[in-house]
Amino acid sequence: MTDLQLVVHDASEVAAVRDGDGSSASSGLEPIDDGAVAVVDGEIEAVGDSGAITREYPPENAETAIDATGRTVQPGFVDPHTHAVFAGDRSDEFEAKLQGKSYQEIMAEGGGILRTVRATREADDETLLANLLDHLDVMLAHGSTTVEVKSGYGLDAETELRMLEAIERADERHPIDLVATYMGAHAVPEGSDADEYVDEVIDEQLPTVADQGIAEFCDVFCEEDVFSVEQSRRILEAGRAHGLAPKVHAEEFVHLGGTQLAADVGATSADHLLHATTDDVRALIDAGTVPVLLPGTAFGLRTEYADARGMLEEGAPVALATDFNPNCYSHSMGYATTLACVGMRMTPAEALVAATRTAAAAIDRPDGPGRLEVGAPADLCVLDAPSHVHVPYSFGVNRVDTVVKDGEVVHE
Ligand SMILES: N=CN[C@@H](CCC(=O)O)C(=O)O
Ligand SMILES: [Zn+2]
């Protein structure tokens with residue numbers, strides 16, 4: 001008889017996230033009252049009514065039993081867009097923004113991304129790793145069990161590689177599963193010309209990164225005064241030729257055409273999309289590119305949010321992410337769901353699916369994490385709250401009290 005690894009029982013609600021049928025953005029989410037989950041070999045073996053599950057899988061026979069009375073069980077969050085490896089501190093820019101400075105003004109004065117690039121280049125490997133692990137600890141405590149992390153604060157082959165190595169080392173030692181994205185085209189380095197830098201990315205950085213096999217995606221900041229659509233296309237096509245799947249930072253500050261580019265190159269995701277049009281969204285749907293919305297960025301910059309409702313009404317599978325970075329200092333997917341509901345009028349059910357199953361699709365993990373159904377990895381959060389609605393509802397408070405990764409309790 002196979003070992004029963006874990007039983008979580010008597011939950012006020014099990015927020016079971018399964019395959020959707022496409023009928024709505026929250027289809028596939030089935031809240032089970034008085035529910036339970038049984039886990040064998042790191043995978044979910046059974047989900048359903050607590051009485052029925054505990055008769056078949058008695059908690060006393062399990063290696064670990066969690067009495068979830070009054071609490072909710074949901075899939076671990078999948079955070080598909082972060083810049084979590086860096087050095088330095090930019091909290092003073094938070095104050096400058098409150099006094100009216102724009103992101104672009106700060107960047108033009110040598111702050112913003114370029115300031116983090118200077119601090120990251122100066123940091124040694126151990127500091128980069130330690131910083132990343134600290135951020136991952138906070139993310140885990142907030143219920144994230146799979147997180148995408150981008151490079152992009154090196155802007156030279158050596159530092160980009162060091163960032164990706166930090167991600168690889170953190171992945172080996174931290175419970176969170178990490179997905180690495182190379183983003184040498186995050187900004188044009190100081191003293192460089194954009195076209196020359198694009199050549200350097202294509203001729204030097206991409207081959208080195210691909211050679212090491214330490215990144216899965218290639219991302220580009222396609223934005224006015226950063227990388228044009230044509231420069232971004234060159235980089236993404238070169239990345240694809242090296243085996244890296246494309247992702248695009250698109251239409252964050254202006255409408256430039258990054259979303260259509262994402263669709264053209266068959267990107268896995270197009271992210272930000274604050275200025276995306278209906279035609280852009282239709283192009284993403286046709287291409288199978290997942291729109292990833294980052295409401296924390298709009299909140300922090302005090303700009304308009306992306307039009308999540310319009311996208312959902314078009315039938316787009318909207319995903320959510322934190323965009324954790326020095327300009328958007330939130331590790332919490334729960335808070336991203338609050339902003340999605342309050343700022344973008346998503347329902348709590350839509351936000352949960354966007355932060356789990358659809359977020360997994362945005363990092364090309366369509367059948368793995370982000371689900372709570374038989375056969376899925378047992379990546380779970382137990383919430384100190386009676387239903388999944390309390391995650392966005394209870395803003396500013398972390399309702400996650402226990403996190404399970406592959407059937408093991410990794411945070412409580
Ligand atoms: N917009 C570009 N990149 C990041 C911000 C990075 C930074 O400001 O350090 C983002 O996705 O929000
Ligand atoms: Zn980003």
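Student: What order do the strands of the open sheet of 8 strands have, and what kind of pairing?

Tutor: The model is a predicted one, in which local features need pLDDT of at least 70 and side-chain atom pairs count only at pLDDT 80 or more, while totals for chains, interfaces and linings use all residues. Residues are numbered from 1 along each chain as its sequence is written, and chains are lettered from A and ligands numbered from 1 in the order in which they are written.

The open sheet of 8 strands runs in the order 6-7-8-9-10-11-12-13, and its pairing is parallel. Strands here are DSSP runs of E with at least two residues, helices are runs of H or I with at least four, and both are numbered from the N terminus; two strands pair if DSSP finds at least two bridges between them. The edges are formed by strand 6 (77-79) and strand 13 (319-320), each of which pairs on one side only.

A residue is called buried if 20 or more other C-beta atoms, placed from the backbone, lie within 10 Å of its own, exposed if the number is 12 or fewer, and partly exposed in between. Because 6 of the 6 residues of strand 9 are buried, this strand is largely enclosed by the rest of the structure.

Helix 8 (residues 229-241) lies across strand 8 (177-185), strand 9 and strand 10, and runs at about 175 degrees to strand 9. That angle is taken between N-to-C directions on a scale from 0 to 180 degrees, with axes being lines fitted to C-alpha atoms, for helices over the stretch in contact; contact itself requires the C-beta atoms of two residues, placed from the backbone, to lie within 7 Å.

Most residues other than glycine have a negative phi. Phi of His272, however, is near 90 degrees, a positive value in a residue other than glycine. His272 counts as buried because it has 27 C-beta neighbours inside 10 Å.

A nonpolar core is a set of buried Ala, Val, Leu, Ile, Met, Phe, Trp, Tyr and Cys residues joined through C-beta atoms within 7 Å, and the largest one has 135 residues, of which Val8, Val37, Ile167, Ala319, Leu320, Ala340 and Ala354 touch the most other members. Strand 1 (residues 6-17) gives the most to this core, with 8 residues. Since domain 1 (4-76 + 370-411) and domain 2 (77-362) both give residues to this core, it lies between them; the bounds of these domains come from an automatic or database domain assignment. Ala354 touches Val318, Ala319, Leu320, Ala340, Met346 and Ala359, once residues up to four places away in sequence are left out.

The two domains have C-alpha centres 29 Å apart, and their contact takes 25 residues from domain 1 and 29 residues from domain 2. On the side of domain 1 that touches domain 2, the elements giving two or more residues are strand 1, strand 5 (72-75), helix 16 (390-393), strand 15 (400-405) and strand 16 (408-411). Strand 15 supplies the largest share of that side, 3 residues. By class, the side consists of 13 nonpolar, 8 polar and 4 charged residues, where Ala, Val, Leu, Ile, Met, Phe, Trp, Tyr, Cys and Pro count as nonpolar, Asp, Glu, Lys and Arg as charged, and the others, Gly among them, as polar.
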